[in-house]
Structures are given as structure tokens and as C-alpha cells.
Amino acid sequence: MVKNIALVAHDKKKPEIIEWAKKHQAKLSQHNLFGTGTTGKLIKNASPELNITPLKSGPLGGDQQLGAMICEGKLDILFFFTDPMTPQPHDVDIKALLRLSTMYNCVVACNLATADFVIESPLFEEPQVHTTDFSEYADRSI
Ligand SMILES: O=C(CO)COP(=O)(O)O
């Protein structure tokens with residue numbers, strides 16, 4: 001089952017996601033890949049066989065673009081290697097992206113250990129089954 005997958009990393013975590021993507025390129029290459037600008041470019045340089053659709057750089061709106069994809073049901077998995085030790089100028093966008101991921105039951109891996117669990121899971125190849133039950137938000141316009 002082909003999935004839409006995003007690859008994103010903060011600057012200090014970029015070497016980690018580049019290596020991780022290279023290690024898992026055989027699996028990742030079976031799916032539709034998206035990346036925030038800088039992360040996507042660096043992964044593609046290191047693993048040219050990974051066809052990554054580039055979005056804006058994170059601080060220029062890339063996180064927001066991914067959030068919009070999640071709202072529209074167009075993203076299945078978000079691999080987002082975050083840096084918990086460095087303040088980010090677009091912190092509000094990062095929080096918004098992670099909030100929408102939670103809201104819409106998007107699979108999210110924010111570190112290497114979880115990324116390994118997700119990509120090695122038998123569910124990785126299965127159709128996505130988790131959707132959000134919006135009935136508790138019935139007073140909202142969906
Ligand atoms: O800042 C990011 C995610 O919050 C990532 O953006 P870049 O991939 O453009 O560095």
C-alpha cells in the first residue's frame with residue numbers, strides 16, 4: 001500500500017535523518033515522499049534514488065504546508081526528527097504541525113528510535129486504518 005510520507009529534520013538532526021533515510025531507502029522508495037526544503041534537498045543529494053517532492057523550508061512555511069496536507073488527509077506518516085535543545089524561529093508552526101498530527105491520528109516519529117519502530121512495523125505496509133472520530137466535536141464545522 002503506497003503511502004504519503006514526510007521527511008523533516010531540524011538542523012542538528014539532519015545528519016541523523018540523512019543516514020536513516022539512506023539505511024531505509026529500499027522501503028522508503030516504494031512510497032510518495034515529501035520533505036521540507038532543506039531536509040528534502042539534503043536527503044535527495046545523499047540518496048538520489050529517493051524521489052522527494054520538495055515543500056518550502058520549515059521556517060518559510062514548510063511545516064504549515066505539511067499541516068495542511070494532514071488536514072486534507074494527504075499525509076500518512078510524518079518522520080520529524082526534532083531538536084529539543086535549540087530554539088526555533090518557527091516554533092509556533094512546529095507546535096501547530098504536531099498538534100494537527102495528533103488531531104488527525106497521523107503516525108509521527110520525532111526521534112530515531114521511534115522512526116525505526118515505525119518503519120519496521122508490519123503496519124508500515126498496511127493500509128492506514130486510524131482516522132479521527134469527529135463526533136465529539138459535533139459543534140464544530142468540519
Ligand atoms: O525547520 C524545519 C522543520 O520545523 C525543517 O525545515 P528545513 O528542512 O527547510 O530545514
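User: In what order do the strands of the open sheet lie, and is the pairing parallel or antiparallel?

Analyst: Strands of a sheet pair through backbone hydrogen bonds, either parallel or antiparallel. In this predicted model, five strands form an open sheet in the order β3-β2-β1-β4-β5, and the pairing is parallel. Strands β3 (52-54) and β5 (107-109) are the edges, each pairing on one side only. From one strand to the next, the twist averages 20°.

User: Over how many bridges do β1 and β2 pair?

Analyst: Strand β1 (residues 4-9) pairs with strand β2 (residues 32-35) over four bridges, in the parallel sense. Within this pair, Ala 6 of the sheet stands opposite Phe 34 in β2.

User: Which strands does helix α6 lie across?

Analyst: Helix α6 (residues 112-120) lies across β4 (77-81) and β5, and runs at about 140° to β5.

User: Which residues surround the ligand?

Analyst: The surrounding residues include Val 8, His 10, Thr 36, Ser 57, Asp 63 and Ile 94. Elements α3 (37-46) and α4 each give two or more residues to this shell, and α3 supplies the largest share, three residues. By class, the shell divides into three nonpolar, eight polar and one charged residue.

User: Is Asp 63 buried or exposed?

Analyst: Asp 63 counts as buried because it has 28 C-beta neighbours inside 10 Å, where 20 or more are required. Asp 63 lies in helix α4 (residues 62-71), and an unreviewed UniProt entry places the feature "active site" there, at Asp 63. Leaving aside residues up to four places away in sequence, Asp 63 touches Thr 36, Gly 58, His 90, Asp 93, Ile 94 and Leu 97.

Methods:
Residues numbered from 1 in each chain as written. Predicted model: local features only at pLDDT ≥ 70, side-chain atom pairs only at ≥ 80, totals over all residues. UniProt positions renumbered as here; feature names shortened; annotations may be inferred. Buried ≥ 20, exposed ≤ 12 C-beta atoms within 10 Å, placed from the backbone. Contact = placed C-beta atoms within 7 Å. Near = placed C-beta within 6 Å. Nonpolar A, V, L, I, M, F, W, Y, C, P; charged D, E, K, R; others polar. Pairing = 2+ DSSP bridges. Axes fitted to C-alpha atoms, helices over the stretch in contact; angles between N-to-C directions.
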